[in-house]
Amino acid sequence: MSGDKGALVNQEAADPAIAPGLSDEGAGASAFGHRSPTQIALEEVIRPIAIAAMLTCIAISLSQLVSALSAAWPGEVFCALVFVVSLESIHSQRLLWRLRFTVRDSFRFRFVEWVVIVVLVRFAVYLDYGMQRLTADVAAWQADLASFFDPSFIVMSLLVMLFWWLASRLSQTMQELEASPAERMPSITDPRHYLHSTMPRHGLTDRRARLNQIVTIFFWGGAVMLLFSGLARVDVRDLIVLRHSRSSGVILNVLIYFLIGLLLISQAQYTNLKANWELQNIPILGRLGRRWLLLAISFLLLIALIAVLLPVGYSVGLMAVLSTAIQWIMYIILQIVFTILFIFATIISFFLSLLRLGVGGEEMPLRETPAPPPPPAAVAEAGSPWWQVIRSLIFWSILTAVIGYSFYRFVVDRWGLFRGLPKLRLITWLLQLWRGLRLGTRRAMNRLRQQIRQRRASRQVQTAKGPLRYLSLRRLSPRERVRYFYLSILRRSAQQGFGRLPSMTPLEYAAILEKSVPMAVEQAHELTQAFVEARYSEHEITKERASVAQEAWRSVKRALTARRRLQRAAQPEARPVEVDGAP
Amino acid sequence: MQNLLIFIIGLFLIAALFRVDFFFYLLYVLFGVFFLSQIWTDRTLRGIECKREYTDRAFLGERVPVKLHLRNKNLLPVGWLRIHESLPIQLRSPNFFNHVLSLLPKEKVVLHYELDCRRRGYYLLGPLVLSSGDLFGIHTRDTEIPSNDFLTVYPQIVPLAKLDLPAQTPFGSIPTKQRIFEDPARMIGVRDYQSGDSLRHIHWKTTASKGVLQVKRFEPAISIESQILLNLNRSEYSLSRVDTATELAIVVAASIANYLIEKKQTVGLCCNGWDLLSPEPQLITLPPRKGREQLMNILEVLARVRTADQFPFSDLLRQAKLHLTWGGTAIIITGHADEALFENMLLMKRGGFHVMLILVDPQTPFVTIKERAKEVGIRAYMIWQESDLDVWR
């Protein structure tokens, strides 16, 4: 790569303190007044042509629009005129700049220039109209001189004047970007030093403002051109109701305008920076100007290539939806207006009937109420509908990102404007409200989350308890079944007041249980043994063993039920004695 | 080009309104110009690598060429790059180095500039400020590359031919008239034996040839172990001459150190200035050593040192005694000698040190000071300007 060979650049040649004037781009003051052939070609030929071409591109769009309205418009001649007049305007501006005419001479210069342009405009149109029309018109002018200034000629002259002014303005602004020897601060020993230092901005041109002017002209010109091009491509009646169809294809003049415009802005930025560097005596190393141009072209080509790959159409009918919405709104408004008019007319007719003015008149036929607009028709697109939807999604995603980012940058770049806002009382209140809402929402969300967590936990607990409550004995293994029988008896015994204490072993408790159920002593013993075996042994518990335990369980359960009944039967007899004190 | 964003939004509206596909294409292009320019500008400065190549030590009056290596590590080219290297005003006028250039991907550029070492010191080269932007004037970025490159300019050295330094340390390399210090390694001849001569000094070969006892004669020699005590306390100099006098004191110290090292003597430095390598002022002490390395150490300290007012010179004198062996010489370089200094010097003298006083900013007539110094047995010199060093040439 270039980094390997010829990469070592001897700066001594470029340093004005060591060897002045040997830099490629010229170091500091050496650049003033001396222009290279490339620079002359750029300033005198390429730049004027570029500006004229840009303006002609706008003129083409304008011509397309006017031609759509009036077929007689000499569009091609108008565009050629704009190009020629723009070139002439730039040349005149540069000439005036160079020759430094007096005001009187400048006025004379401009007057002559305009007479020539007007005559050119007047006669150039006959290239389109033909010689016969010229002969006829000349005859008409002889008869009536006022016919020389017909409306089409005046309109065209005004438009040409506008383009002439734009070309002159652009050229002058571009020229003002260049460094001028007058801007250089004289030596401190020079008598002009004081004068220079007391001048506004120390006699320096506000280049940033000039650059902004160029950019503004470029953007406004572009916007107007796009509007013209757009209007020339759609039917205005369809556009009003947003029912117009898509139009595709390259619009060459628009493409050329933006391409040249961006290159011109790039060159203007280079001129601006270069002038600043020259005024600060900063040496410029290497062929920066050439590289700049090449990089700008490469950069634009790269972006253009990337843009080609992105989708530019959409099939999700945004416009159709908008159109339907507008039609519905119009329909509702019309209905309201008709209703008001109806009421108003009824009242008036009532009064008129009182005055007998309406008698004998013919009844006007009733107009039918316009039907509501039909729902939007599906946009016919070639290819698979899924592919169309995907393309549309990509398109809208990119577009949303682009517009969103643009808004974001716009706000960020102008953040200083919004800094003062928090000081306003209303804004402070709104901010506090917003913070309060955020805090409240956050707290509510936290509370909700906590509650959900608690619910889940309790549900899990219930799920864990569930198998005990709704237990299916058939699904249990013999070991689990035996354990269940024993625990069931423990629960029942606890309900009757002689439950097993946590400190008791099953065998210790067996003695209490057997004493409590004298009718099922053996079964209680059997059940306890079965439980001990199922709980602590490792060998398999057979189904038979579980069945034996089940029999025992039933007996003990029965005994416990009988015991409870006995207890209940004993309690009502004692109660009246306690309450009434009677035997 | 900040209007570009507004234009993009406007273009979107126009494109959506007219449903012209080409307008959307333009929208992409313009947004691409804006967005990719930003990315390009951001990446440009991150990919620039800078390196300075130069000799980091120089003597006064030398010109130091500096090569500034710039390399674009990126695969993206740099449209334009403005470099602004800040430099010390003492080394270059104007005190910066500016340049504008463009860099292709992976391209290297070497820029050259020279520094004129007109004043001793320890100078930072840089920082280097890089500015760049896109080709359309939408985004501009600046970045400052912090520098860790320093240049040490040594103080001026005046070559001295003779310096009558009093010293008593025997077995040195400088001949002396005090015959009590004879160096047995330096035989200058023989003489007849006298009563009391050591038998070890008898030169047997000459004795055999002459037939009379001959003893070796040795050259009397001393070793001058010296400590330069440099006062750089601003408050102890007169206000009008503090800068000139302290600089002169540094020149004197450097010249004496150079002289002693050339004579292969041992020399050290004590100073109450501020070494710029230390974060805060503290007493500078270089214990007495021999050799070229010691001279360079002393010169580097003298190059970096600045005046300070934290430590009085009396503190320095107390500190210096610890580093000087008995019989060594304390070379005191200060602005003015008052009674307190004389008391300190007298104490040093009684402690077995030789003292030499060099004044660069006497605030009373030097004759009086010289008389007072003579009374206490100290040699005093006044150096008012560099040419006064001629007394030792």
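In this predicted model, helix α1 (residues 37-69) and helix α6 (residues 151-177) of chain A pack at an angle of about 145°, their axes lying 10 Å apart. Here an axis is a line fitted to C-alpha atoms, for helices over the stretch in contact, and angles run from 0 to 180 degrees between N-to-C directions. Helices (H or I, at least four residues) and strands (E, at least two) are DSSP runs, numbered from the N terminus. The crossing of α1(A) with α6(A) is right-handed, a term used when the near helix is turned clockwise from the far one by less than a right angle, left-handed being the anticlockwise case. On the α1(A) side, R47(A), P48(A), I51(A), A52(A), L55(A) and A59(A) take part, and they meet F163(A), L166(A), A167(A), L170(A), S171(A) and M174(A) of α6(A). Two residues are in contact if their C-beta atoms, placed from the backbone, lie within 7 Å. By class, this contact has ten nonpolar residues, one polar and one charged. Ala, Val, Leu, Ile, Met, Phe, Trp, Tyr, Cys and Pro count as nonpolar, Asp, Glu, Lys and Arg as charged, and the others, Gly among them, as polar.

The model is predicted: local features need pLDDT of at least 70, side-chain atom pairs count only at pLDDT 80 or more, and totals for chains, interfaces and linings use all residues. Residues are numbered from 1 along each chain as its sequence is written, while chains are lettered from A and ligands numbered from 1 in the order in which they are written.

Turning to the interface, 61 residues of chain A are in contact with 49 residues of chain B. On the chain A side, the elements giving two or more residues are α8 (207-233), α10 (252-279), α11 (288-309) and α13 (385-413). With ten residues, α11(A) gives the most. This side of chain A divides into 39 nonpolar, 15 polar and seven charged residues.

Chain B holds an open sheet of six strands in the order β16-β15-β14-β17-β18-β19, with mixed pairing; two strands pair if DSSP finds at least two bridges between them. At the edges stand β16 (284-289) and β19 (379-382) of chain B, each pairing on one side only. Neighbouring strands of this sheet are turned by 15° against each other on average, direction ignored. Within the sheet, β14 (residues 225-230) and β17 (residues 329-334) of chain B pair in the parallel sense over five bridges, and L230(B) has I333(B) as its bridge partner in β17(B). Helix α7 (residues 339-350) of chain B lies across β17 and β18 (354-359) of chain B, running at about 155° to β18(B). Helix α8 (residues 366-375) of chain B also packs on the sheet, where it touches β18 and β19 of chain B and makes about 165° with the direction of β19(B).

Elsewhere in chain B, how many of the nine residues of strand β4 (residues 78-86) are buried? Seven are, so β4(B) is largely enclosed by the rest of the structure. A residue is buried if 20 or more other C-beta atoms lie within 10 Å of its own, exposed if 12 or fewer, and partly exposed in between, with C-beta atoms placed from the backbone. Strand β4(B) runs antiparallel to β5 (residues 96-103) of chain B, joined by seven bridges, with H84(B) opposite N98(B). Five bridges join β4(B) to the antiparallel strand β8 (residues 128-133) of chain B, where E85(B) stands opposite L128(B). Strand β8(B) is in turn joined to β9(B) by six antiparallel bridges, S132(B) having R141(B) as its partner. The two strands form a hairpin with six residues between them, and G137(B) in the turn has a positive phi of about 75°. Of the six residues of β9 (residues 140-145) of chain B, zero are buried, so this strand lies largely in the open.
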